[in-house]
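Here are my notes on this one, as numbered points. Have the model open while you read.

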Amino acid sequence: MEAGRFSRALTCSVIEGSLATIMTTLLGGVFLTAFALHLGATEFEIGLLAATASLAHVAQLGGAFAIDRLGHRKTICMVATWISRLMWIPILFATFCEPAYRVRYIVGLLTISSLFASIGGGAWLSWIKDLVPNEIRLRFLGRRHVFNTALAFAMSVGGGLFIDASLRRQPDSLMGFVAVFITAMSCGIVGLFILQTIPEAVHIQSEPTGFAQLLGRPWQDRNFRRLIIFYGVWNFSSNLATPFFAVYMLAVLQVPFAIVTLLLTFSSLLGVATARLWTRFGDRFGTRNMVLLGTIADSFCPLLWLFVSPASLWLLVPIHCCGIFSAPVALGPNALSLKLSPAGRSLGYLALFNATTGPLTAGGAIVGGALASWFATTSSAPSAWGLQLIFAMSALMRLGSALLLLQVAEEHAHPAARVFKILTRAGRRWSRDRRFPARGVSPRDRTAA
């Protein structure tokens, strides 16, 4: 592909990714959680809603087999993604259903939407692996992440303020949510037209194989299997608590919805500000080491929630400063799975990765929701101590799972022990320079210079 066409393709991919992120931000996360709470959903149902997208990753197995047999990754990606995004039209009609069936109706339709989104996402990953060379892929994904997060920040703040204003005028009305969801769908549809302009990459494909062989190869690859195990455990541990941070702020701490979205977008902004630093670190020391450092630091973040109460809401600001670790957590799964999957056989590798880690991610949300609901039946004040116990469990399991990543090998990456030694030495040097300035030069003189 000529240089100009290749550059335009990458630019279009970044723009489409930003629009898709706006859609997923406004149709999921805290917006979907708040919508479900206003529909009267229980903690278990909220966990189930958070789990549908991850459970649907098993559909990538069928999608990979279809692409392996038929080819046409771009066509399959486009058709599946169109169906997925248009499914939100009937989901919006949930506001007119009987109250007793609203949440069940949403869960069912959201599951169908997520199944097709998963098929489209798997085809897109294989498409991008062949389109973007390995040596610039991490920087490309980092650039895409920065633009995605920046636009998601703006839309989250706007959407949160709009819904807050709508609820103040009509506390029982859901039309504010409906308006935000329609805006999200519009962004997703525009993104599909941009996605259509990206050319199909040259695909080095082996002869079509049987379903068992397609998935058996990646599982027999010991290094890739270790990556799957790490992300399976990590995703379960993380999702055990993540869907309920917003629940804790909205239901326990009684924080206004606009403030919740502002805190979440503040956290995202910190991720944007540090994304370039993380990708440079990954280029120098290896993607695995970037992910390892980020996940270890992120493991301690849920413990901070144990100290938050209505009397200490100011702690929410330092808690959301943990967004500086969001870039390696967000970039890691795609970056590592793309890097460790071989050319020509990436379909089976990526499908097995997502189909295995996806249900475990969903399992974390479902188990977290079930535990929260059980705590609600065993105490008169479950929201505080019950959710905090879940947060503590998540932190310990995250930290333990990070040890599994040490078993994953990455070509040309520095040994983890050497990286930590370099970082420790740099930290000591910085601390020493701060405490003991160069002889004969005072801190004031340094500032003046």
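Predicted model: local features only at pLDDT ≥ 70, side-chain atom pairs only at ≥ 80, totals over all residues.

Among contacts in the protein between residues at least 6 apart in sequence, what percentage join residues at least 24 apart?

1. The figure is 85% (contact means heavy atoms within 4.5 Å). Numbering runs from 1 along each chain as its sequence is written, and side-chain values use heavy atoms, with hydrogens and water left out.

2. Of its 449 residues, 51% are buried (under 20% relative accessible area; exposed is over 50%, partly exposed in between; 1.4 Å probe, protein chains only). Carbon and sulfur atoms account for 65% of an accessible surface of about 20,600 Å² (Shrake-Rupley, 1.4 Å probe).

3. Have a look at helix α5 (residues 73–86) against helix α9 (residues 175–196): they pack at about 170 degrees with axes 10 Å apart (lines fitted to C-alpha atoms over the stretch in contact, angles from 0 to 180 degrees between N-to-C directions). That makes α5 roughly antiparallel to α9 (over 145 degrees). On the α5 side the contact includes C77, M78 and W82, and on the α9 side it includes I189, L192 and F193. C77 counts as buried, at 2% relative accessibility.

4. Cysteines next: there are 0 disulfides (a pair of cysteine sulfur atoms within 2.5 Å). The closest cysteine sulfur to that of C321 is in C322, 7.5 Å away, which is too far for a bond. C321 is partly exposed, with a relative accessible area of 30%.

5. Helix α12 (residues 243–252) is largely enclosed by the rest of the structure, because 9 of its 10 residues are buried. Among them are F244, F245, Y248 and M249.

6. Finally, W278 sits in helix α13 (residues 257–285) and counts as buried at 10% relative accessibility. W278 and M290 are 12 residues apart in sequence and 6.7 Å apart in space, C-alpha to C-alpha. Leaving aside residues up to four places away in sequence, W278 touches M290, L293, G294, I324, F325, A327 and P328.

Terms used:
Helix = DSSP H or I, 4+ residues; strand = E, 2+ residues; numbered from the N terminus. Parallel < 35°, antiparallel > 145°, perpendicular 65-115°, else oblique.
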